[in-house]
Amino acid sequence: MKLVKSVFLLAIALAKISNASTLPKCKSVVTRREIRHLSDSQWQSTRQTLNTMQNQGWFSWFAAMHVAHFRTIHESPTFLPWHRRFIREFELVGQYYQPDFSLPYWDSSIDYKDPVSSIVLTDKYLGSNGSGDDSCVSNGLPRKWMIDYPRKHCLRRKYNLGNKIKPWFSPESITSDIQMSKTFIDISTRIEYGFHAVVHNGIGGDMISGSSPNDFAFFLHHCNVDRVWWKWQNIKPENVKMYNYRPNQKAVSLSDTIAGYDEKISDVMELGYGLVCYTYSENGKISRRDEKGIKEAKKVEAVLKVPEMSLTTGLQSSTLSKFFPLISAEEDTPKSSIDLPNDVSDRAVKYAQTRINKTDTATDVVAGSIGDTIIKQSNKMDFSDIVVNSNDKDNKILIDNFSSSKITQEKTTKNTLEVLTDAVVIAASKDDPKNIIPLPDRITEQFLVLNHYDPVKYMAYYNEKVGLVNALNKDGYVSPYN
Ligand SMILES: [Cu+2]
């Protein structure tokens with residue numbers, strides 16, 4: 001095994017790009033995909049490679065490396081570039097065994113409400129919770145793994161609510177992290193304190209120790225961390241090479257060396273150049289949804305028709321301007337643009353279908369503000385059961401002269417309705433408690449201390465996210481991931 005490693009590391013050293021200011025463009029790039037979007041055969045070969053890497057001691061090697069640099073690479077501007085370099089190394093090792101290997105990512109925000117019900121935490125992929133006195137994982141990928149570092153043990157997981165895991169951050173919350181971050185250190189801090197920390201904290205076991213790379217969940221998760229940074233980098237050209245620090249932090253610069261590697265920070269800033277020859281399976285722009293990745297387009301279409309399931313039509317303008325400034329500003333992005341995953345939940349699809357197909361006839365869902373005129377979009381459209389979302393629950397006189405929630409087509413003599421209140425048309429069933437977005441987990445004191453997170457800064461971040469959840473719930477927003 002030692003020999004394999006030295007040969008491999010030599011190969012990397014020879015292939016290494018010089019520190020010239022312009023990096024060579026990659027000759028080819030691999031595409032990193034969401035793990036559940038791999039085909040069965042892709043996952044089978046990935047799994048085989050991972051088992052080989054485990055047998056060859058690579059997981060221990062990466063765990064030891066992570067431990068060696070732990071203090072410098074967390075609660076620090078190097079957090080994102082260091083982990084980008086680190087997981088790229090893992091991917092290169094994978095490619096030594098399987099030339100077309102690419103690291104998958106886990107968009108855990110899709111599973112935010114009840115992480116244990118994620119298929120990723122089942123026998124098919126990562127396996128689930130540990131059991132017994134040692135919290136050993138006995139299914140999925142690490143089923144038979146014996147970990148060597150720092151001492152011999154089975155792979156451990158210990159969920160933070162017994163058999164359950166406390167809620168993580170919703171896709172909406174992560175979109176807000178991206179949109180609210182003006183500088184590199186803003187996005188770095190939001191990612192590190194936010195969805196990065198809760199996934200480690202919720203899974204527990206090896207994942208809440210310095211040797212977390214023992215669990216493949218680490219690499220899947222950090223691949224997602226890297227992807228969210230990349231999304232932020234894609235917002236504006238000046239974001240790509242932005243690297244800064246807080247006034248009270250130690251100064252950093254793009255020419256700093258990446259701890260443990262020969263490259264500089266500037267060498268890993270732009271995907272597709274130098275050593276970082278990969279991309280992600282999304283367009284990476286702030287787009288409504290990436291059409292290419294949609295397996296069941298019909299389902300997503302249903303969700304897209306429901307105003308309270310969209311950030312742009314389901315929120316008060318004060319919520320938008322505070323938490324989603326890019327949508328609100330309307331500068332580079334159209335009003336309809338949001339950046340959310342395609343994988344909506346089955347429950348959300350059911351909700352959307354009930355909302356738009358009250359009978360077998362398709363009903364168009366319409367939205368508008370004061371003074372808008374809604375034009376009948378098809379003959380099938382009737383104006384039945386329309387309720388307008390209003391802060392004033394008693395204000396039932398909503399549309400034209402009709403005050404009841406039953407406004408049928410026969411009652412309307414024309415094909416248009418005038419909206420007389422500043423609100424979107426919304427179904428009464430939004431009041432279903434299941435549509436309420438839960439508060440995200442707050443990491444434990446122990447995990448905070450392990451990472452040397454500043455408790456005041458951490459609470460400021462956490463409170464910002466609580467504010468977002470409260471605003472979404474108050475506005476009657478229904479998450480397509482609930
Ligand atoms: Cu780390």
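**Group meeting talk: a walk through the model**

Let's start in a loop. Ser135 sits in the loop between α5 and β2. This is a predicted model, so please keep that in mind throughout. Phi of Ser135 is near 55 degrees, a positive value, and the residue is not a glycine. Why point that out? Most residues other than glycine have a negative phi.

You will find Glu75 in the loop between α4, residues 70-73, and α5.

One more backbone feature. Which bond is cis? The peptide bond joining Tyr149 and Pro150, with omega at about -5 degrees. Most peptide bonds are trans. Pro150 lies in the loop between β2, residues 146-147, and β3, residues 153-154.

Now step back to the whole chain. How many helices and strands are there? The chain has 16 helices and 8 strands. There are 482 residues, and 43% of them are buried. Take the contacts between residues at least 6 apart in sequence: 72% of these join residues at least 24 apart.

Pair one is α5 with α8. Helix α8 covers residues 216-233. The two helices pack at an angle of about 130 degrees, with their axes 10 Å apart. That makes α5 oblique to α8. Their crossing is left-handed. Who meets whom? From α5 come Leu80, His83, Arg84, Ile87 and Phe90. From α8 come Phe219, His222, Cys223, Val225, Asp226 and Trp229. By class, the contact of α5 with α8 has 7 nonpolar, 2 polar and 2 charged residues.

Pair two brings α5 back, with α2 as its partner. Helix α5 runs over residues 79-97. The axes of α2 and α5 come within 10 Å and cross at roughly 105 degrees. The two are therefore roughly perpendicular to each other. On the α2 side we have Thr49, Thr52 and Met53. They meet Val93, Gly94 and Tyr97 in α5. The residues in this contact divide into 3 nonpolar, 3 polar and no charged.

Stay on α2 for a moment. This helix, residues 40-55, also holds Asn51. Asn51 has 16 C-beta neighbours inside 10 Å and so counts as partly exposed. Look at Asn51 and Leu141. How far apart are they in sequence, and how far in space? In sequence, 90 residues; in space, 7.8 Å from C-alpha to C-alpha.

Helix α6 is residues 171-180, and helix α7 is residues 184-203. Their axes come within 9 Å and cross at roughly 160 degrees. Anything over 145 counts as roughly antiparallel, so that is how α6 and α7 run. This crossing is right-handed. Ile174, Asp177 and Ile178 are the α6 residues in the contact. Facing them in α7 are Ile187, Arg190, Ile191, Gly194 and Phe195. Sorted by class, the contact of α6 with α7 has 5 nonpolar, 1 polar and 2 charged residues.

An α-helix has 3.6 residues a turn, so residues three or four places apart point the same way.

Last stop, another loop. Ser255 is in the loop between α9, residues 237-240, and β4, residues 278-280. Buried or exposed? Ser255 is exposed, because it has 12 C-beta neighbours inside 10 Å. Leaving out residues up to four places away in sequence, Ser255 touches Lys264 and Ser266. Asp267 is 12 residues from Ser255 in sequence, and the two C-alpha atoms are 8.8 Å apart.

That's the tour. Over to you.

Definitions and conventions. Residues numbered from 1 in each chain as written. Predicted model: local features only at pLDDT ≥ 70, side-chain atom pairs only at ≥ 80, totals over all residues. Axes fitted to C-alpha atoms, helices over the stretch in contact; angles between N-to-C directions. Helix = DSSP H or I, 4+ residues; strand = E, 2+ residues; numbered from the N terminus. Parallel < 35°, antiparallel > 145°, perpendicular 65-115°, else oblique. Left-handed = near helix turned anticlockwise from the far one by under 90°. Contact = placed C-beta atoms within 7 Å. Nonpolar A, V, L, I, M, F, W, Y, C, P; charged D, E, K, R; others polar. Buried ≥ 20, exposed ≤ 12 C-beta atoms within 10 Å, placed from the backbone.
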